[in-house]
Amino acid sequence: MDKLRFISFASGSSGNCFFVGNATQGILIDAGIGIRTMKKRLKEIGLEFSDILGVFITHDHFDHIKSVKPLVDKLLIPIYGTKETLSSIAQLQQLGSQFIAGQKIISKEEPVSIGDWKITAFEVSHDGTDNVGYSVEYKGHTFTLATDLGYVCENSARYISDADYLVLEANYDEEMLANGPYPYMLQERIRSNTGHLSNSDAGRFLADNYSDKLKYIYLCHLSHSNNLPELAYCTVSELLADKGIIAGKDVELVTLERTSPSKLYVFE
Ligand SMILES: [Zn+2]
Ligand SMILES: [Zn+2]
């Protein structure tokens, strides 16, 4: 009952929401899908909103915060985030005193304990108001999530390298982006150090920083226009293979779907 579980409810520019917990409770990271879908997805894994101890927000882009308002107003679920992120969300979603009173301000690098869970926010490089990834420690396991990052800065590298289970962005294929439908300005934003991580950036980082404690890599936030799941998988697995690390043997490699949930992973 108390084994660590993970499921992605959705991942990508049309919405992000992830559950990390056990069979009876847990947290959500990001709230970028509709509240009814969230409820349905929780029910599918035997949970309700009352089992959610808090929702941890990575940054204030809409695909990560869509449902913050109903979570606060109707469901009274605590929302965790940095001061800058939460005040930006309060403005963007016109949240009132209830939000201000119930919000849980956290600081980067300062772990928050909720029951058996210890959650640490760490800096990532992106163009939201303030941007973090999360590392979740639970009964000797470390689960880390870093999405929406232009590059892996020194700070985030520490947390990403330390994971047993890792969700890491693989947003775009460099060629698909260059030859795709996006205008040049937008391409440049995506490529910049405060944009998104490419398949090969993710693969190279993973290959260079692999440790045998890493059991699962989940590639997240795949672009609809500039990436394909098979391409992300191949690029990353080939870069790992160059360093003698075999996906499916030394580490499990999974691409997360954009709008449908992943399977539920129960970690031993
Ligand atoms: Zn995003
Ligand atoms: Zn973003």
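**Entry 1: two loops**

I started at Glu 109, which lies in the loop between strand S6 (104-105) and strand S7 (112-114). Before going on, I noted that this is a predicted model, where local features need pLDDT of at least 70, side-chain atom pairs count only at pLDDT 80 or more, and totals for chains, interfaces and linings use all residues. I also noted that residues are numbered from 1 along each chain as its sequence is written, that chains are lettered from A and ligands numbered from 1 in the order in which they are written, and that side-chain values use heavy atoms, with hydrogens and water left out. My helices (H or I, at least four residues) and strands (E, at least two) are DSSP runs, numbered from the N terminus.

Glu 109 is not a glycine, yet I found a positive phi near 70 degrees for Glu 109. Its relative accessible area is 31%, which makes Glu 109 partly exposed. For such labels I use a 1.4 Å probe on the protein chains only: buried is under 20% relative accessible area, exposed is over 50%, and partly exposed is in between.

With 47% relative accessibility, Lys 139 counts as partly exposed.

**Entry 2: zinc ion, ligand 1**

Which residues hold the zinc ion (ligand 1)? I listed Asp 63 (OD), His 64 (NE2), Asp 148 (OD) and His 221 (NE2), at 2.1 to 2.3 Å from the ion. A donor here is an N, O or S atom within 2.8 Å of the metal (3.2 Å for Na, K and Ca); water is not among the atoms, so sites may look incomplete.

The angles among the four donor atoms run from 92 to 167 degrees, and the site of ligand 1 is irregular. My rule for that word: four donors are tetrahedral if all angles lie between 85 and 135 degrees; four are square planar and six octahedral if opposite donors are over 155 degrees apart and all others between 65 and 115; anything else is irregular.

Along the chain, the donors of ligand 1 are spaced as D-H-x83-D-x72-H. His 64 sits in helix H2 (residues 62-65) and Asp 148 in the loop between S10 and H6, so this pair ties together parts 84 residues apart in sequence. His 64 has 0% relative accessibility and counts as buried; Asp 148, at 2%, counts as buried too.

**Entry 3: zinc ion, ligand 2**

How far apart are the two zinc ions? They are 3.5 Å apart, and Asp 148 coordinates both. His 126, in the loop between strand S8 (117-123) and strand S9 (132-138), and Asp 148, in the loop between strand S10 (141-146) and helix H6 (154-161), are 22 residues apart.

**Entry 4: cysteines**

I counted zero disulfides, taking a disulfide to be a pair of cysteine sulfur atoms within 2.5 Å. Cys 153 is in none; the nearest cysteine sulfur, that of Cys 220, is 15 Å away. For Cys 220, the closest cysteine sulfur is in Cys 17 at 13 Å, too far for a bond. Cys 153 is buried at 10% relative accessibility, and Cys 220 is buried at 0%.

Last came a grid search (1 Å grid, protein atoms alone): a cavity is a set of points where a 1.4 Å probe fits but cannot get out, a pocket is an open set with protein on both sides within 12 Å along at least five of seven lines, and lining residues have an atom within 4 Å of a point. Points are joined across faces, edges and corners, and a volume is the space filled by probe spheres set on them.

The largest pocket holds about 240 Å³. It has 18 lining residues, and the closest to its centre are Ser 13, Asn 171, Arg 189, His 196 and His 221. Helix H8 (residues 184-191) gives the largest share of this lining, three residues.

I found one cavity of 30 Å³ or more. The largest cavity has about 50 Å³, and its lining includes Ile 160, Leu 166 and Phe 205.
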